[in-house]
Amino acid sequence: MVKPCTTHRLLISMIVLLARCLVHGNIDQDPLAVEEWFKNLPNMTPIHTDHTHLHFYLHDIVSGTTPTAMRVAQSNITSTSPTFFGFIAMVDDKLTTGPQPNSTIVGRAQGIYGSACLEESGLLMTMNLVFTGGEYNGSTLSLLGRNAVFHPYREMPIVGGSGVFRMAKGVAIAKTYDFNTTSGDAIVEYNVMVVHY
């Protein structure tokens, strides 16, 4: 006879193994691999949902006379930390259809990010993606997650939305398009896949 405690451990082990199989364990997947995974999800949501794939570029400007990201706080070790641990920036970055600064603006990324890792450049991101044009005008997506900025691809969860994206859930894949090591300005390509009502 199997003891209840052993049965409980066995059940937990099976659940963990199943979760590993479903997740695949690779967080550095390119957007096409993630989109394929997204399409193959079992139908666990009501029939009344829509799937949307968005593609845009985020322009994070920290230099010049009109920055869109500004440091608002830091710890007493930030200036000596190799990862700038403890800094927090408030952002209102533009989102565009292309990587060029004069590309069509489709929205803004408004929120905060901060260095939350002592060992590598890892940001805690909490942002609202506010869409200002086209069929998504006035709608938002809420992003909350970890952004390991020097990884080729970074996967962050979409945890909600409003308007067209009401009750959204999904994933955002970020890839650095350009990073100016002198100014600190960055252009980041985003592929966002969401399920919403």
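Which backbone nitrogen lies 2.8 Å from a polar atom of the side chain of S139? Hold that thought for a moment, and let me show you around.

Okay, so what you see here is a predicted model. The average pLDDT of the protein is 85, and 80% of the residues reach at least 70. One stretch to treat with care is residues 6–26, where pLDDT stays under 50 and the model has four contacts beyond four places in sequence.

Now the layout. There are two helices and nine strands. Of the 197 residues, 37% are buried. And if you take contacts between residues at least 6 apart in sequence, 49% of them join residues at least 24 apart.

Back to the opening question. The answer is V164: its backbone nitrogen is the one 2.8 Å from a polar atom of the S139 side chain. Where is S139? Look in the loop between β5 (122–131) and β6 (140–148).

Next, charges. Side chains of opposite charge can pair when their charged atoms come close. How many salt bridges does a search of the whole structure find? Two.

One is R108 with D92, with the closest N and O atoms 3.1 Å apart. Here R108 sits in strand β4 and D92 in strand β3, 16 residues apart. Both partners are partly exposed: R108 has a relative accessible area of 23%, and D92 has 31%.

The other joins the side chains of R146 and E120, at 2.8 Å from N to O. Since R146 is in strand β6 and E120 is in the loop between β4 and β5, this pair ties together parts that are 26 residues apart in sequence. R146 is partly exposed at 42% relative accessibility, and E120 is partly exposed too, at 29%.

Last stop, the surface. The accessible surface comes to about 11800 Å², and 62% of that belongs to carbon and sulfur atoms. Find M70, V72, I88, M90 and I112: they form a nonpolar patch with about 430 Å² of accessible area together. β2 (69–73) and β3 (88–96) are the elements that give two or more residues to the patch. I112 lies in strand β4 and is partly exposed, with a relative accessible area of 32%.

Technical notes: Residues numbered from 1 in each chain as written. Heavy atoms only, no water. Helix = DSSP H or I, 4+ residues; strand = E, 2+ residues; numbered from the N terminus. Buried < 20%, exposed > 50% of the residue type's maximum accessible area, 1.4 Å probe, protein only. Contact = heavy atoms within 4.5 Å. Areas by Shrake-Rupley, 256 points an atom, 1.4 Å probe, with all protein chains shown as cover. Polar contact = N/O pair within 3.5 Å; in protein donor to acceptor, adjacent residues only side chain to side chain. pLDDT = per-residue confidence, 0-100. Patch = residues over 30% accessible without salt bridge, like charges linked within 9 Å, V, L, I, M, F, W, Y side chains within 5 Å. Salt bridge = Lys/Arg side-chain N within 4 Å of Asp/Glu carboxyl O.
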